[in-house]
Amino acid sequence: MDFENHFSTRFYDKTKANLNYLLALWEAKPYLIKKLPNNRNALINTLLTDYTNFLIEKQRGNSKKTYDQIAAELNHSRSERETIEKLHRENEQLHKDNMQLLNRINELYYLQMIATKVLIETGGLNDLESMFEFGSIEYKTHQALKQLVDEDNKRLFVKTKRPRSTN
């Protein structure tokens, strides 16, 4: 597909609306552009030249950035990028926290395996009762552990609770 010096094109409605908006904005605020194009052809040529130069610069040399990546960067506002970066950081922290929890679960699993091995070797496994049977030693132990975990979670929640921003 080669371009010639002269050809006609039809704009999408969105493109036409954007061009009309931009031209009206520049006419209302001439300080936003150094030299306002004096006709539609000059406006289109200015915009296409600037955009193609920008794309060439972004994709020149060893760049592996695709057009879609560049377009996405241009179409995101600064606040969107900041939000995405913040979410990325939070995601990394959640991943670290999940890995720490996984490590703790693995530690508990190994402790459980050791305790089971000891119970099997000493014959105490046969003496165990249900931890759901009210009044049994296992039930009392389960309840005490549950209460301890609940208290730890409450203390942890107080330490990690962040004040909410008032925006």
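Set aside the neighbours within four places in sequence, and Ser136 is in contact (heavy atoms within 4.5 Å) with Glu129 and Ser130. This is a predicted model, where local features need pLDDT of at least 70, side-chain atom pairs count only at pLDDT 80 or more, and totals for chains, interfaces and linings use all residues. Numbering runs from 1 along each chain as its sequence is written, and side-chain values use heavy atoms, with hydrogens and water left out.

**Around Ser136**
- Ser136 sits in the loop between helix H4 (78-122) and helix H5 (137-160); helices here are DSSP runs of H or I, at least four residues, numbered from the N terminus.
- Because its relative accessibility is 5%, Ser136 counts as buried (under 20% relative accessible area, 1.4 Å probe, protein chains only).
- The Ser136 side chain reaches the backbone oxygen of Ser130 at 2.9 Å.
- A polar atom of that Ser136 side chain also lies 3.0 Å from the backbone oxygen of Glu133.

**On helix H4**
- Val118 lies in helix H4, and at 42% relative accessibility it counts as partly exposed (between 20% and 50%).

**Helix H2**
- The 20 residues of H2 (residues 40-59) should span 28 Å at 1.5 Å a residue, and the end C-alpha atoms are 28 Å apart, so the two agree; the expected span is 1.5 Å times one less than the number of residues.
- Asn39 caps the N-terminal end of H2, with a side-chain oxygen 3.1 Å from the backbone nitrogen of Asn41.
- After H2 comes Gly61, with a positive phi near 70°.

Methods:
Helix = DSSP H or I, 4+ residues; strand = E, 2+ residues; numbered from the N terminus. Polar contact = N/O pair within 3.5 Å; in protein donor to acceptor, adjacent residues only side chain to side chain.
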